[in-house]
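Here are some notes to read with the model open beside you. Take the points one at a time, and try to find each place in the structure before you move on.

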Amino acid sequence: MAVNLVNVEAVGKVYGTRALLDGISLGVSEGDRIGVVGRNGDGKTTLIRMLAKLEEPDTGRVTQSGGLRMGVLTQHDSLDPSATIRHEIIRDMADHEWAGNAKIRDVLTGLFGGLDLPGFGQGLDTVIGPLSGGERRRIALAKLLIADQDLLVLDEPTNHLDVEGISWLAKHLQERRSALVCVTHDRWFLDQVCTRMWDVQRGTVFEYEGGYSDYVFARAERDRIAATEESKRQNLMRKELAWLRRGAPARTSKPRYRIEAANELIADVPPPRDKSELMKFANARLGKTVFDLENVTVQAGPKTLLKHLTWHLGPGDRVGLVGVNGAGKTSLLRALAEAARTQGEKQPAAGSVTVGKTVKLAYLSQEVGELDPSLRVLEAVQRVRDRVDLGKGREMTAGQLCEQFGFTKEKQWTPVGDLSGGERRRLQILRLLMDEPNVLFLDEPTNDLDIETLTQLEDLLDGWPGSMIVISHDRFFIERTTDTVMALLGDASLRMLPRGLDEYLERRQRMIEAAAPAPAPAAVKSSASGDSRAAKKELQKIERQLNKMSDRESNLHAQIAENSTDYDKVAKLDAELRELISERDELEMRWLELAEDA
């Protein structure tokens, strides 16, 4: 029988005149993996802070088992700014001691990309004070994961991690024996790591068995049964359930009868997007040209991020853009946005960007734009437009769109200056959509948004007819809103990934393994020396072949884009591309084998 670690008994918490939590009773036992979800401001962080005894309840009590070893990751770290990374993570362990510890090696490599902490000027000896909030947060997480814990309590652990870092963290937590309570808006991560869900809503916590997919089914089923629930929310949950059952791999852990019940519940729910209908509308709004890039070079200061890039973004294309930090994702969007702003007059360092005459671009950057803090929410939206055409005969007023984005009638009269970071992000997206753009660039749109708002945004984008590029570390959002994934792998080129983010992670793993130095042999024999020379020769030959293949692959992608309406030609080009990719994968595997010999 599992040992009980923490008990929450009839806990209540009031802020001002609002009861944030009202008579909550919960428990955390050994082996529990609990994901905490709910709207921003409904009490998720307050609940886990009380679990960790960082905050006291107004009523009720929280008890922890004797000798409980608990690790807590909060929104604000308690690192010593004058200390080095080495001091905070490794303490006084000798180099040979920590380097010989498999757990420490795994955490440092997974969170920082290597034992020498690439990206930090002095590696482990970097002083913490001048570092950014994201860098400090990774250090705090590493410090936590290296220690032995009975229970981990994590508040937004995936913030400031890229796709690779999130994938590593999910695998690491799966393999740990400690119990887990985790607040996060990353739905893919919840599905990978959690086996129970707590849904914090209006002072109450609803408990569900299973990961995120199971939670969506159970909540949709609950909403269907509860006749008093509003129809809009029922439809949204059923739509997301349809996506999970049809669009992505089935991830439910429920018995077969639950799967059949889920399929019955979504029997009359159409696919999330009618692609052919949206493509027709996008062509009508945009014409044939959106962005055409020819032999483009993108630079950030003296650093060349992309070179010889030929790419076509067509009407109705929905592209997810992923890649290593610093590879040039945001720089590419900025270069395209600048060309659009100047109607093609401002061009990148080399090459040319042709912008369609009808392009009306909306660019959501990572920075939240400044608004007059005295403006009310509704006024800030109405200053853009009173009504918006969402396509396919759908029209909404500013007030209706505000409600869809979680701004209730009362909240619409809140001054902008009183909004939280997440609410300002919502308002920023809302104002962009209100301007009726036909091209959207979204750079990390999921930052600070809760799951319910993300679901509403995805629902809105499902019927949005235009071209779209999304940069995000939220794997679920990328898979849900885009049709194609392109990757910047740090080699100054842009590649299409037919298998999406799984293929991206596989490629990155191969690159990391290829870059790892081979262990030096104790003695080198003459025969081994001869083998090494031969291996180096073949390596150089393969590298030349791979470079040619990369150019050929870019050329094929360009041809496919140019002939997108000629289905026979596209089929032939696609077959040629698949053959090329298969051949390249074999060569890359041979390169890895030879790299070890060399």
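This is a predicted model: local features need pLDDT of at least 70, side-chain atom pairs count only at pLDDT 80 or more; totals for chains, interfaces and linings use all residues.

1. Strand S6 (residues 151-155) pairs with S7 through five bridges, and the two run in the parallel sense. If you want one spot to look at, valine 153 has valine 181 in S7 as its bridge partner.

2. Now look to the other partners of these strands. S7 is also joined to strand S3 (residues 33-38), in parallel, by four bridges; here arginine 33 stands opposite leucine 180 in S7. S6, for its part, pairs with S5 over four bridges, again in the parallel sense, and there glycine 71 stands opposite leucine 152 in S6.

3. How many of the residues of strand S7 are buried? In S7 (residues 179-183), five of five are, and the strand is mostly covered. Ala179, Val181 and Val183 point one way, Leu180 and Cys182 point the other way, and all are buried.

4. Compare this with strand S5 (residues 70-73), where the side chains alternate.

5. Glutamate 156 lies in the loop between S6 and helix H6 (163-175). Its phi is positive, about 55 degrees, although glutamate 156 is not a glycine. With a relative accessible area of 7%, glutamate 156 is under the 20% limit, so it counts as buried.

6. Alanine 10, in strand S1 (residues 4-15), also has a positive phi, near 50 degrees, in a residue other than glycine. Is alanine 10 buried or partly exposed? Its relative accessible area is 42%, which lies between the limits of 20% and 50%, so alanine 10 is partly exposed.

7. Next, step back to the whole chain. It has 20 helices and 20 strands, and of its 598 residues 51% count as buried. The accessible surface comes to about 28300 Å², with 48% of it belonging to carbon and sulfur atoms. Among contacts between residues at least 6 apart in sequence, 69% join residues at least 24 apart.

8. Which residues touch the most other members of the largest nonpolar core? This core has 71 residues, and the ones to find are Phe291, Leu293, Trp311, Leu332, Leu427, Ile469 and Tyr504. Helix H15 (residues 421-434) gives the most to this core, with six residues. Apart from it lies another core, of 47 residues, with Leu131, Ala140, Leu154 and Phe476 among them.

9. Setting aside neighbours within four places in sequence, tryptophan 311 is in contact with Phe291, Asp292, Leu293, Val319, Leu332, Ile469, Met486 and Leu494.

10. Helix H16 (residues 451-462) deserves a point of its own. H16 has 12 residues and reaches 16 Å from its first C-alpha to its last, close to the 16 Å expected at 1.5 Å a residue. Why can H16 be called largely enclosed by the rest of the structure? It can because 12 of its 12 residues are buried. At the N-terminal end, aspartate 450 caps H16, with a side-chain oxygen 3.2 Å from the backbone nitrogen of glutamate 452.

11. Leucine 117 sits in the loop between helix H4 (102-112) and helix H5 (133-146). Its relative accessible area is 0%, so leucine 117 is buried. Leaving aside neighbours within four places in sequence, leucine 117 is in contact with Ile85, Leu108, Phe112, Gly123 and Leu124. Leucine 117 and isoleucine 85 are 32 residues apart along the chain, and their C-alpha atoms are separated by 9.8 Å.

12. Last, find arginine 507 in helix H18 (residues 500-515). Is arginine 507 buried or exposed? Arginine 507 counts as buried, because its relative accessibility is 4%. Not counting residues up to four places away in sequence, arginine 507 touches Leu489, Arg495, Leu497 and Arg584.

Conventions. Residues are numbered from 1 along each chain as its sequence is written. Side-chain values use heavy atoms; hydrogens and water are left out. Buried means under 20% relative accessible area, exposed over 50%, partly exposed in between (1.4 Å probe, protein chains only). Contact means heavy atoms within 4.5 Å. Accessible areas come from the Shrake-Rupley method with a 1.4 Å probe; for residues, only the protein chains shown count as cover. The expected span of a helix is 1.5 Å times one less than its number of residues. A polar contact is a pair of N or O atoms within 3.5 Å; within protein, one must be able to donate a hydrogen and the other to accept it, and residues adjacent in sequence count only if both atoms are side-chain atoms. A nonpolar core is a set of buried Ala, Val, Leu, Ile, Met, Phe, Trp, Tyr and Cys residues joined through side-chain atoms within 4.5 Å. Two strands pair if DSSP finds at least two bridges between them.
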